[in-house]
Amino acid sequence: MRQSYRVAVYVTVAAVSSLIASQNQAAPPADPLAGLAGRWVGMATMTSASGPASNFKCIVTYVARKGAPGMRQTLRCEDGATNFKLHAATDLTVEGEKLTGAWKDKINDIGGTVDGTITPTGFDVQLSGQFFAAHMAVAGQGCDQSVRVLPQNSDVFVELAANLKKC
């Protein structure tokens, strides 16, 4: 009787273990950008190609994609003194360590593609389009995030750098 009890317990444990293992394998992989989700606010500095740097407020929001790893990033920067506005949206899709997607600048009605990689604290991408191309690096940890945009053609600006907080 004891022997059959042990066999029953063993079979039950083995069945539950294999069920848990198969459920873990079927679960989608964790989104490496999940830590960026939320609303980030802070100051940005735009270094001009032909003049002094200007400072302005930026709000960056990340919303997780439904059903697949990735984020929608919305970037809104404005300076009332110089009437500068930047309203851009980027849809990011994660496949392993690769990041792809599309971007659109709503103010200037331009857009293009996104291609890059996931980093330990964010992502590093190339923004490509007919009228604008740039390198963008986003790094965030805890309550702090930095966004840095370096355009390939520096006619308008040389660098946009923002330091943002979420907490």
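**Strand β9**

I looked up strand β9, residues 144-151, in this predicted model. I sorted its residues by face: Gln 145, Val 147, Val 149 and Pro 151 make up the covered face. The uncovered face holds Asp 144, Ser 146, Arg 148 and Leu 150.

**The β8 side**

I next checked how β9 pairs with strand β8, residues 134-141. The two strands run antiparallel and are joined by eight bridges. For Leu 150, listed on the uncovered face, I found His 135 standing opposite. I then went to the turn of the β8 and β9 hairpin, where two residues lie between the strands. Gly 142 has a positive phi there, near 65 degrees.

**The β10 side**

I turned to strand β10, residues 157-165. Its pairing with β9 is antiparallel as well, over six bridges. Ser 146 has Asn 163 as its bridge partner, and Arg 148 stands opposite Ala 161. The hairpin formed by β9 and β10 has five residues between the strands.

**The whole sheet**

Which strands make up the closed barrel? I traced ten, in the order β1-β2-β3-β4-β5-β6-β7-β8-β9-β10, with antiparallel pairing. From one strand to the next, the twist averages 20 degrees. I place β9 in this order between β8 and β10, with eight bridges to β8 and six to β10.

Note on methods:
Residues are numbered from 1 along each chain as its sequence is written. This is a predicted model: local features need pLDDT of at least 70, side-chain atom pairs count only at pLDDT 80 or more; totals for chains, interfaces and linings use all residues. Side-chain values use heavy atoms; hydrogens and water are left out. Buried means under 20% relative accessible area, exposed over 50%, partly exposed in between (1.4 Å probe, protein chains only). Helices (H or I, at least four residues) and strands (E, at least two) are DSSP runs, numbered from the N terminus. Two strands pair if DSSP finds at least two bridges between them. Axes are lines fitted to C-alpha atoms, for helices over the stretch in contact, and angles run from 0 to 180 degrees between N-to-C directions.
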